[in-house]
Every structure is written in structure tokens, then in C-alpha cells.
Amino acid sequence: MKAFDVDAHLTKYPQARVLVWYSCGAASAVAAKLCVHRYGERCEVLYCDTFAYEHEDNRRFFADCERWIGREIKVLRSEQYADIYDVFEKTRWLVGVAGARCTTELKKNVRKKYQRFDDVHVMGFTTDELKRASDFTAENFELFAQFELIEAGVSKSMCYRALNQAGIATPIMYRLGYLNNNCIGCVKGGAGYWNKIRRDFPAAFWRMA
């Protein structure tokens, strides 16, 4: 995957912003830290609000990350939907071959409304996720996408270590054995994931069921 020359882009477009899409995950937190240091005031750290059905510890992690990054994380919200179940109930749709409807409505569409044509979009994909980064580029060919962690050779385990060295406890969902810090009961999860949710968060499991 060819690296995107951010510095050349910012020279060509002096008003361009560097937007880091923070997700309350370890990788996006480290990506934000690196980008704020590298791009300064041109860098914005943004979070598309899905707090309602995430673990309550995410708010603690969010605040810890703001202090560590040294920058306010701007929260963006859908004007049409309140949370994931509002999406599910109004659209009557959970997930399909095109992805999860909640992701589309609460993240993608919110991002599209905020973005400008010349923005640089930083996604927190690590060296463990090269295919995911390649797929994102192919599916969002109109964006100037930057993968700060991949270019820096940063893996997910290195992100955990960086947070530990900064004195920041990783989100509880990681400590419970989940690979990602998604909503509790992510519709993109498979059978093994949902069986674990059934044991750890039975109320979330039965509501989705």
C-alpha cells in the first residue's frame, strides 16, 4: 500500500485539516497522540458519539486520552439518530454485506457531514491491520486517507504499551478479553463473540436477541 504524502498535501492545500478519527480504542488514541505532535494546530481529534451502548469505562478512557494528547476531543453526533437502537428500530436493519447500519448512520454519515474535500483523514489502523487499511482506501477512494500507525510501524501491542507507559489503563473491554472496544453487543461480531457477550453482559445479549 503506497504511503500518502501528507506534507506535500498540506503544502498544496494550506487550509486543509488533519482529522484523527478517535474511537475510544487504544490504536486511535496513540494515532491521535502522534498526529497532534506532528501536525500541531492543524490536527483535530474527533469522536462520533456512540457512548450510549459502550462500556461506561470509555468515558474515563476518553478523559484520560484528552489529558494525554493535550487536546480536546471534539464529539460529533447524528442529527437524526440518538443511538444504535434508535437506528435499528427506525431503519429495521442491523447488518449486511455493506456493513452495520449503526456504523453508517452514527459514524460514516456524521463524518461525511463534517468533512471538507481537502481534509486528511487519519484512521487508527495498526501494522496488524494492513488489509483493513487497504480495504478502507479502496472503499473511500475520494478521501485523502493517512495511516499514521502503519507508517510508523506501530502494532496494536505497541499501542497497549504506550498507554501503559503513560499511566493510562486500557479500556475495560480489552481487559475482559475483547479484541475491540466496540459497543457492548456489536452487530458485526460472530458466534464466539456473542457467546462471550451472553456470559459477560447478559442484559445486552438478550436485548439484541
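Strands and helices here are DSSP runs, numbered from the N terminus, with at least two residues (E) for a strand and at least four (H or I) for a helix.

The model is predicted; local features require pLDDT of at least 70 and side-chain atom pairs pLDDT 80 or more, whereas totals for chains, interfaces and linings use all residues. Residues are numbered from 1 along each chain as its sequence is written, and side-chain values use heavy atoms, leaving out hydrogens and water.

Strand β1 is largely enclosed by the rest of the structure, because five of its five residues are buried. On one side these are V18, V20 and Y22, and on the other L19 and W21. β1 and β2 pair in the parallel sense over five bridges; pairing requires that DSSP finds at least two bridges between two strands. V20 stands opposite V45 in β2, and the bridge partner of L19 in β2 is E44.

## The sheet and its edges

The five strands form an open sheet in the order β3-β2-β1-β6-β7, with parallel pairing. β3 (73-76) and β7 (144-146) stand at the edges with a single partner strand each, so one side of each lacks a neighbour in the sheet. Neighbouring strands of this sheet are turned by 35° against each other on average, direction ignored.

Strand β6 (residues 120-122) pairs with β7 in the parallel sense over three bridges. Here V120 has F144 of β7 as its bridge partner.

## Helices across the sheet

Helix α3 (residues 57-69) lies across β1 (18-22), β2 (43-48) and β3, and runs at about 140° to β3. Helix α5 (residues 101-114) lies across β1, β2, β3 and β6, at about 145° to β2. Axes are lines fitted to C-alpha atoms, for helices over the stretch in contact, and angles run from 0 to 180 degrees between N-to-C directions.

F62 belongs to α3 and is buried, with a relative accessible area of 9%. Leaving aside neighbours within four places in sequence, F62 is in contact (heavy atoms within 4.5 Å) with Y22, C24, Y47, F51, I73 and V75. The C-alpha atoms of F62 and L179, 117 residues apart along the chain, are separated by 18 Å.

## Helix α2

Helix α2 (residues 26-39) has 14 residues, which should span 20 Å at 1.5 Å a residue; the end C-alpha atoms are 20 Å apart, in agreement. The expected span is 1.5 Å times one less than the number of residues.

This helix is mostly covered, with 10 of its 14 residues buried; among them are A26, A29, C35, V36 and Y39. α2 is followed by G40, whose phi is positive, near 60°.

## Lysine 156

K156 lies in helix α8 (residues 156-165). Excluding residues up to four places away in sequence, K156 touches T126, D128, E129, L179 and N180.

K156 is buried yet has no salt bridge, the nearest side chain of opposite charge, E129, being 4.3 Å away. A salt bridge is a side-chain nitrogen of Lys or Arg within 4 Å of a carboxyl oxygen of Asp or Glu. Lys and Arg count as positive and Asp and Glu as negative, while His and the chain ends are not counted.

Terms used:
Buried means under 20% relative accessible area, exposed over 50%, partly exposed in between (1.4 Å probe, protein chains only).
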